[in-house]
Number of protein chains: 2
Amino acid sequence: MAVSKKNPAKDTYGRNYLTNIAYDSVVFGFSGDKLKILLMEYHNTGLFALPGGFVQRTEHLNDAVRRGLKERTGLDNIYLEQCYVFGNTDRFKPAVMKQILKANGYEVSNDHWLLDRFITVAYYALINYAHVVPTPDALSDSCTWYDLDNLPGLIFDHKEIVEKALQTLRNNLDQQLVGMNLMPAKFTMKALQTVYEAILGTPIRRTTFQRKMLGLGILKRHGKHFSGSANKAPYLYSFKK
Amino acid sequence: MAVSKKNPAKDTYGRNYLTNIAYDSVVFGFSGDKLKILLMEYHNTGLFALPGGFVQRTEHLNDAVRRGLKERTGLDNIYLEQCYVFGNTDRFKPAVMKQILKANGYEVSNDHWLLDRFITVAYYALINYAHVVPTPDALSDSCTWYDLDNLPGLIFDHKEIVEKALQTLRNNLDQQLVGMNLMPAKFTMKALQTVYEAILGTPIRRTTFQRKMLGLGILKRHGKHFSGSANKAPYLYSFKK
């Protein structure tokens with residue numbers, strides 16, 4: 001798939017893009033103690049939004065989303081899941097889009113395809129916070145990590161999208177953590193518990209957590225992790241393939 | 001929400017509809033021993049498809065899908081879940097759509113919005129087979145139940161959509177059966193097991209099934225079901241609200 005950079009704002013009638021359909025990504029990262037997501041801030045507007053985009057006529061939907069994420073994070077092979085399609089009429093707010101375009105120097109006519117109603121496919125991704133250098137896109141002046149428990153106000157229904165993505169992530173955590181990029185190749189049970197607690201937003205008893213994780217049969221145990229004091233060196237684990 | 005009947009085929013430029021976006025529904029019903037789905041057959045084409053449709057500019061996506069299902073099944077309050085968005089470029093086959101429209105007496109120009117590429121949001125529903133009188137839509141001459149294990153060939157990627165819906169249904173069965181319309185208000189454990197076996201496509205040991213279902217804590221036990229011979233009268237159950 002060629003990574004094309006056709007500018008949606010200059011494409012008045014959406015000749016290069018599917019119209020009425022967009023995507024938005026909730027990109028979760030784990031800093032070691034906090035769950036964070038990537039947000040964009042649009043130039044000169046004070047408006048914050050999820051990183052999203054549009055589908056070129058010649059590309060698959062899922063490829064469009066991967067392209068957008070690669071452009072903003074530099075990462076390939078991201079664990080990416082569809083989450084929900086948001087298609088209510090009240091997310092149609094052409095004035096907001098017009099404001100964003102104007103602040104970027106695009107004066108568009110009222111029949112511009114970007115001012116039309118959009119249904120958006122929400123995706124969520126988990127990426128290794130340490131490996132990511134967020135990159136703003138053409139319309140935004142920043143793309144930065146924000147603590148999930150301290151987000152700025154978001155445009156459209158993006159707050160609702162974040163909540164749905166978080167709920168989906170929580171529901172699927174046991175099955176999906178294996179394929180995600182949140183953990184290093186080997187990790188201690190305590191590090192894994194910290195991730196679970198950050199995502200679930202609640203503390204878990206150590207013994208309960210350990211029993212549950214071992215019961216799932218998804219962990220492989222390796223040697224002990226010696227960090228100086230030989231006492232209480234914890235085991236290292238990895239996810240079974 | 002008004003149930004409007006704007007004819008998509010006569011709306012050359014999609015003025016009343018969102019373009020490039022459609023929905024398809026996998027409607028499961030249980031006949032007592034077999035899992036079935038609803039399929040439409042298009043007039044004079046031999047083409048079979050999932051019941052689907054388009055989103056009017058003034059309606060929510062989820063409402064559009066409920067409207068379509070009501071028009072085809074007469075049922076309201078259907079348990080309806082989003083399943084997956086199919087957005088590959090290879091589902092773009094304008095010649096097939098042109099053939100369907102032509103067989104219905106619509107000669108459309110090549111820039112008609114129905115001949116454009118569509119991304120489709122797949123939904124699945126479970127409805128009470130006994131309550132449903134399938135109704136064909138304007139373009140199709142039948143809307144009928146088919147055994148899931150004996151489907152005709154389907155257009156576009158509809159076979160793939162059915163498989164994805166079935167997989168989603170199987171994955172969510174324990175959580176979702178409660179809200180579905182497959183069972184009467186009260187039922188025996190044996191009747192419930194029959195549904196599970198039909199959906200999962202595999203026999204289950206009676207004792208294993210009973211232990212699992214009771215362990216889920218979603219069933220309420222009522223009196224025994226006397227059907228003549230007093231011996232071995234089974235208990236009746238209902239789902240807890």
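Author: We begin with a definition: a residue is buried under 20% relative accessible area, exposed over 50%, and partly exposed in between (1.4 Å probe, protein chains only). This is a predicted model, in which local features need pLDDT of at least 70 and side-chain atom pairs count only at pLDDT 80 or more, while totals for chains, interfaces and linings use all residues. Residues are numbered from 1 along each chain as its sequence is written, chains are lettered from A, and side-chain values use heavy atoms, without hydrogens and water.

Reader: Is Gln193(B) buried or exposed?

Author: Gln193(B) counts as buried because its relative accessibility is 9%. Contact means heavy atoms within 4.5 Å. Beyond its neighbours within four places in sequence, Gln193(B) is in contact with Ile204(B), Arg205(B), Arg206(B) and Phe209(B).

Reader: How are strands of a sheet joined?

Author: Strands pair through backbone hydrogen bonds, either parallel or antiparallel. Strands (E, at least two residues) are DSSP runs, numbered from the N terminus, and two of them pair if DSSP finds at least two bridges between them. In chain B, 3 strands form an open antiparallel sheet in the order E8-E10-E9. Strands E8 (187-188) and E9 (219-224) of chain B each have a single partner strand, so one side of each lacks a neighbour in the sheet. E9(B) is joined to E10(B) (residues 235-239) by 4 bridges, and Leu219(B) stands opposite Phe239(B) in E10(B).
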